[in-house]
Amino acid sequence: MFFALGRWCARRPVRVLAVWAAVVIAVVAAVALHGRVTTEAVVIPGSDSQAARDAAETLPGPPSGNQPIVLHTTPDGPELTSSTARRAVEEAAADVAKADHVVAVATPYGPSGGAAMSADGHTAYLSVGLDVTGRDITPEISEAVLSAAEPARRAGIEVTAGGDLAAAVDKRSTAHSELIGLAAAAVILFLTLRRILAAGLPLLVGVLGLVVSLSVIGLVGHLLDMPSSGATIAAMIGLGVGIDYTLFCLTRFRALLAQGHEVPEAVGHTTASAGKAAAFAGCAVAAALAGLALGGLPLLHALALAPGIAVLVAVLAALTLLPALLALLGHRLGHRTGGRRERRWAQARLAATRPAPGPADPPASPASPAVRSAPTGSEHVEDDIEDSEGAADATEPAHARARRFAAHVADRPWRYLLASLVLLAVLAAPAAQLTFGQLDAGDKAAGTASRTAYEQLAEAFGPGANGPVQVTETLPTAAEGPSDHRVAPVTEALARTPGIEAVGPARISPDGRTVLWQVTPTTGPGDRRTVALVEHLRGTTLPEATAGTGAVTHVGGPTAAQADLNARLADRMPVIIAAVVLVAGLLLLLAFRAPVVAAKAAAMNLISVAASYGVLTAVFQWGWGADLLGLDGPVPIPGYVPLLMFAVLFGLSMDYEVFLLTAVRESYLRHRDNRRAVVEGLTGTAGIISSAALIMLCVFLSYLLSEDPVVKMFGIGLAAAVALDATVVRGLLVPTSMVLLGSRNWWLPAWLDRILPRVDIEGTPTPAPRPRAHPAKPAPQLPEPAAGSRADRLPTS
């Protein structure tokens, strides 16, 4: 199927490119018409905070809630209570009320605005209500509201948006990160492929896939709550795997061209081998992300869906768009030829991969380089090619270094296995202290609207002003008013609770059955003491205040919602991890039909993820090097970050696992020598995996320029994991463990062999190209292999 797909696209390249062009134009136009929608709202079905939020919606109010616009003057500036400042603020409020989507504006001078003016008179805020929800507040809406407050600015008052208005203002494009990642990838690709056209092809496919996936994700945001970090993570993953998958396929295509295959056949065989492996690896990433659905949280669904879309688009591009481009560019993508060194290296590589001649096989031509049969046992693979006719000059230096390194590691398996495990254990040690926390606007980058508004409000009204707690009470019958015997005791109990700075007046719904209190804690929304306050209210204060009344109380607000989210994630994390590991192990078992290999790969992926968790904990939770990342110090790690990282990393780790094990298994099926297969597999994939990992590393690290701490966390965590996976795990742990296990790597019980479907991840063995007939001579006749010789036997699993 994959061969037929690749050849079909190669024979109809213009048609395929026209379809892709139409898709790109369609999705970009749809985004231009409808826009991208993101939201930071967290919905936690069945949680206490969600129940409080649902109850609060029964009270009248604008769909957006009250969004603050912070007004501030310096200590030596005019007080906002002065007549001049008051006139300017009221004029600004009147203009803001006329802005599009604004339905209500409350000033600090009104009857209910006394709490919105600081004691020193230098900080206050307008409460703005809009006719759209927080998720629908766009940067354009926010800018229009802020522009309307120009009269206050003319009076020397600093005006800053807060809440969702600030979040919309702070939404900045990550295009600079993508450009830096692409520039670094371009350099690596050119150094790897040595041709500008060949180096540009993975970039073109990666960018087109990125445009399509980000547009689709932006449109999906209209249907479900999509956090802004979801699109950024999708861009990181999609760009990395898009370039990597194209690089793997392009390398295979160039090798087939060098062997003499015609372009359409080379494209078909590329899709049937490297393309199939890329599809399998991409599906493994998607399957790992799908495991997050077990969390039962819309946030996890969105965060899994975004990178999942990007990965699947990258796979689709590798299977359709890339074959069409390969067919059009053809030999212009091949290796530079003509040099004596290049020809001799290619001849030696091809000769080294042929099976040893059988007793009845025809002798080698005297004109060809002398090639011995591949050694077995303790003989080294580097002795495969004899040094006759200057064969030392025929070996490419990078390939020779990789071969020597692979043989060196294979000869000392225990030494490198133990050293690798010790290194990973040291890196993973901090992960034992990983705890889930909550980020707030105070953790944003300095100079952003969210951070500025947060600091000004915290200094003027206390840190709790940035994260009020909502308490709701649902009554069996309608309340008579705030003095109702079921309402007043709750108000008094809240006022007496330690950790509460202020309690707003009780608000009662029109039907009298729902009561809402706005509670200001003494601590900020990201402070653990605020979480402890929420737990105390739920467990002690409210049950005691409502005992015997039949009322049902709930505690909500940003801090309560994040606490519920982290608790839900901690509860579901073991199930999600077990499911992802099980699915990954089953996929590897189907691919390689080797239970030991599948179990070992899953275990090593866990070790790699644990090491990346350790790096994440040390950098962000402990603050090691945080200042180098533009952070002021340690920041809490939200619970969804390690969980999403786990799914992404487990999927990405399988990319390199599949490509490495595919090469090892192909070699093992040729000669059934496990050690030699490990060395040959590591040698053959070292360069391409290193280049692919380096590209992925540059892409991930480029996102450290983002001002969002969550994006920085993913950048550091993913970069650390890829670096460790491509070097320590794939370069040392996998080969040494496979050498030590020997033939047990490929053990397969007979009963399992009977029930396992045959996936054939390696693809159909590529046949040798047909010799071209000379114009003046008949085509040479190849001798038929003798019965029973190696030439007429195909390897089987």
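Modeller: Handedness first: a crossing is right-handed when the near helix is turned clockwise from the far one by less than a right angle, and left-handed when anticlockwise. Helices here are DSSP runs (H or I, at least four residues), numbered from the N terminus. The model is predicted, so local features need pLDDT of at least 70 and side-chain atom pairs 80 or more, while totals for chains, interfaces and linings use all residues. Residues are numbered from 1 along each chain, and side-chain values use heavy atoms, without hydrogens or water.

Now the pair. H22 (residues 640-671) passes H24 in a right-handed crossing. Their axes (lines fitted to C-alpha atoms over the stretch in contact) lie 10 Å apart, at an angle of about 35° (on a scale from 0 to 180 degrees between N-to-C directions). In contact (heavy atoms within 4.5 Å), H22 brings residues including Tyr 640, Leu 644, Val 648, Glu 657 and Val 664. From H24 come, among them, Val 710, Phe 714, Gly 717, Asp 725, Arg 730 and Met 738. By class, 18 of the contact residues are nonpolar, two polar and three charged (Ala, Val, Leu, Ile, Met, Phe, Trp, Tyr, Cys and Pro are nonpolar; Asp, Glu, Lys and Arg charged; the others, Gly among them, polar).

One more spot, elsewhere: His 222 sits in the loop between H9 (196-220) and H10 (228-258). At 34% relative accessibility, His 222 is partly exposed (between buried, under 20%, and exposed, over 50%, with a 1.4 Å probe and protein chains only). The C-alpha atoms of His 222 and Arg 36 are 7.5 Å apart, though 186 residues separate them along the chain.

Conventions: Helices (H or I, at least four residues) and strands (E, at least two) are DSSP runs, numbered from the N terminus.
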